[in-house]
Amino acid sequence: MELQEFTQNVLDRSHTVPVLVDFWAPWCGPCRVLGPVIEELAEEADGRWELVKINVDESKEVAGKYNIMSIPTVMLFLVGKPKDQFAGALPKYQINQWLVDRLPDPRKERLSSIQAKIQAGMGVQALAELEEFVEKNPDIEEARLWLAREQVSRDPDKSEGLIEDIKIGHKLYDQAEDVRNLVEFFRFSSEEFTEISAYFDKAKAAYQARDYDQMLTHLVNSMMRDKSYGNELARRVSIAIFHTLGESHALTKKHRPKFSMALY
């Protein structure tokens, strides 16, 4: 394939639909393994993206322009530019996830809009939108995870069910584990009323009010009395909240020092 043809079939075309380019050669063993997998995915894509196969032996100028040092190399083009690439014969499920993470999806823009509403405190209306979105798009795991986190205080069983398929090795596993710790927290009930159980009750109420400052205060105070209580549940839930807020958040910076002191 000459550069002019590449420009037309890949760069220009990618302004209309994403184009996946498979750089290969007939003498390359891994290329022969990857080729049928990529072609099968292209058929299943049903026009959401298109595949262009380039024999590097016959297209040395194109391969040189994109610095193809080893094959197979697969490169995704969007609006005239390379978006990302991978090398080697990856399994089908891994390639599919790679594509899902990188292909434009209007549903993700809709999800971002709903998340922004929730973060802005629009409450019931935004949550109803998120529930409807998850019902219509159960394949978007980020949405299910977000909904699980939002409703965990009211329905921990449903939250757990939403993320039950996110297991170890999954890219969202750590976030799902944070939600599972919250599920355990809202299910937890002490057999008797104590000072620590009172801190837990106050922390639960603060979470429902989206008052992470007070929640962390009560959790850390409970750790100062007994950090092992409930199988170190306060520690695990505090870490989940720190993850939700992010390490640079003012509340994380405020409560981390006392949290660390409570551990030791």
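Q: How much space lies in the largest pocket?

A: Rolling a probe the size of a water molecule over the atoms shows where empty space is left. Here the largest pocket holds about 470 Å³ of space. A pocket is an open set of points on a 1 Å grid over the protein atoms alone, where a 1.4 Å probe fits, with protein on both sides within 12 Å along at least five of seven lines; the volume is the space filled by probe spheres set on the points, which are joined across faces, edges and corners. This is a predicted model, in which local features need pLDDT of at least 70 and side-chain atom pairs count only at pLDDT 80 or more, while totals for chains, interfaces and linings use all residues. Residues are numbered from 1 along each chain as its sequence is written, and side-chain values use heavy atoms, without hydrogens and water.

Q: Which residues of the lining are closest to the centre of the largest pocket?

A: Lining residues have an atom within 4 Å of a point. There are 23 of them, and Arg 48, Val 100, Asp 105, Arg 107 and Asp 139 are the closest to the centre.

Q: Which element gives the largest share of that lining?

A: Helices are DSSP runs (H or I, at least four residues), numbered from the N terminus. H4 supplies the largest share, six residues.

Q: Where does the second largest pocket have its lining residues nearest the centre?

A: Its 18 lining residues include Gln 119, Trp 146, Arg 149, Thr 244 and Leu 245, which lie nearest the centre. H7 contributes the most to this lining, with five residues.

Methods. Helices (H or I, at least four residues) and strands (E, at least two) are DSSP runs, numbered from the N terminus.
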